[in-house]
Amino acid sequence: MSVRIALIGCGAIGTAALELLREDAGISVAAIVVPADAFAATKDVAARLAPGAQVVSAVPAQGIDLVVEAAGHAAIEAHVLPALQRGTPCVVASVGALSAQGFAEKLEAAAVAGKTQVQLIAGAIGAIDALAAARIGGLETVRYTGRKPPHAWKGTPAEQGRDLGALAGPTVIFEGSAREAATLYPKNANVAATVSLAGLGLDRTSVRLIADPAVTENVHTVEAEGAFGNFELTMRNKPLAANPKTSALTVYSAVRALRNRVAPLSI
Ligand SMILES: NC(=O)C1=CN([C@@H]2O[C@H](COP(=O)(O)OP(=O)(O)OC[C@H]3O[C@@H](n4cnc5c(N)ncnc54)[C@H](OP(=O)(O)O)[C@@H]3O)[C@@H](O)[C@H]2O)C=CC1
Ligand SMILES: O=C([O-])CC(=O)C(=O)O
């Protein structure tokens, strides 16, 4: 018997995940949850990649073993909270949603009420295991820098007072806490929230976001120091063609999380 999943969102991450999940006998996509105005396009994708899936506007109350979210911050409140309350475990990519005051507690309370669990994936960043382990010994500083090509910052506050297409060199577009970064850049700074939740928390993690015309990748750097010692990690992630804001690694991270749910041995 395969695990029946509901996928929330069928954009760049959702579609790429469906392509990979076709190979998995142990995972069947039973539902794809999208806004009603995306039904027609999503039904075309489902016909090609997940013919057994129903395209719906809410997670079905019956017949779903696991929910995976790849839709955006608003989808956590709309779909993940009710699923958790019903007792369905959830895997979440839009970790930045937890930057809203009190929202992490709300998510935890929903999981407790449903006697289930919510898993925040590492997404586009690595070393979350090391950081979360280092926290146990005590962390002193954690800094995160996100560097993306100018076009990846389109439609964000980075456009205020500057022409992203005319940048002559690397430009710091934000400096502050992980909470502020994830709130102001909901489609670009989920990683800032993830690093902070694994480490020093949303308010004590320093974040810098940079628009850099010299890079073609999404470059993420984490520097951490504490009782364990220190580390510096730089990831140069290839963006998805369907969405330059999003790294391909986010898709692999979501698929890994699902595969680990069914694998007899997981890593
Ligand atoms: N943790 C990490 O490292 C990363 C996390 N992310 C998160 O993943 C999210 C998705 O990324 P990506 O696939 O690239 O984005 P896309 O914009 O390509 O796709 C988003 C999809 O979600 C749908 N959607 C939007 N709102 C809702 C909702 N309330 N309920 C159901 N479906 C909804 C959209 O439908 P429609 O087109 O009709 O709006 C679309 O199908 C990002 O917004 C970000 O929060 C992204 C990158 C890295
Ligand atoms: O995919 C990435 O490179 C990171 C990203 O968008 C985010 O942190 O929201």
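This report walks through the surroundings of two ligands in a predicted model.

Let's start with ligand 1, which sits in the largest pocket. Around ligand 1 there are 28 residues, and those that come nearest are Ala12, Ile13, Ser94, Asn243 and Thr246. By type, this shell holds 15 nonpolar, 11 polar and two charged residues. Helix H1 (12-21), helix H3 (73-86), helix H7 (190-198) and strand S13 (243-247) each contribute at least two residues to the shell, and H3 gives the most, with three residues.

Ligand 2 also sits in the largest pocket. The shell here counts 13 residues, with Lys148, Val191, His220, Lys245 and Ser247 coming nearest. Three of the shell residues are nonpolar, seven are polar and three are charged. At least two shell residues come from each of H7, strand S10 (218-226) and S13; S13 gives the most, with three residues.

| Ligand | Residue | Protein atom | Distance |
|---|---|---|---|
| Ligand 1 | Ile13 | backbone N or O | 2.8 Å |
| Ligand 1 | Ala71 | polar backbone atom | 3.4 Å |
| Ligand 1 | Asn190 | side-chain N or O | 3.3 Å |
| Ligand 2 | Lys187 | backbone N or O | 3.2 Å |
| Ligand 2 | Asn188 | polar backbone atom | 3.3 Å |
| Ligand 2 | Ala189 | backbone N or O | 3.3 Å |

How much of each ligand does the protein cover? Ligand 1 taken alone exposes 930 Å², of which the protein buries 78%. For ligand 2, the accessible area on its own is 270 Å², and the protein covers 95% of that.

How values were computed:
Residues are numbered from 1 along each chain as its sequence is written. Chains are lettered from A and ligands numbered from 1 in the order in which they are written. This is a predicted model: local features need pLDDT of at least 70, side-chain atom pairs count only at pLDDT 80 or more; totals for chains, interfaces and linings use all residues. Side-chain values use heavy atoms; hydrogens and water are left out. A residue is near a molecule or strand if one of its heavy atoms lies within 4 Å of it. A polar contact is a pair of N or O atoms within 3.5 Å; within protein, one must be able to donate a hydrogen and the other to accept it, and residues adjacent in sequence count only if both atoms are side-chain atoms. Accessible areas come from the Shrake-Rupley method with a 1.4 Å probe; for residues, only the protein chains shown count as cover. On a 1 Å grid over the protein atoms alone, a cavity is a set of points where a 1.4 Å probe fits but cannot get out, and a pocket is an open set with protein on both sides within 12 Å along at least five of seven lines; lining residues have an atom within 4 Å of a point. A molecule sits in a cavity or pocket if more than half of its atoms lie within 2 Å of its grid points. Helices (H or I, at least four residues) and strands (E, at least two) are DSSP runs, numbered from the N terminus. Ala, Val, Leu, Ile, Met, Phe, Trp, Tyr, Cys and Pro count as nonpolar, Asp, Glu, Lys and Arg as charged, and the others, Gly among them, as polar.
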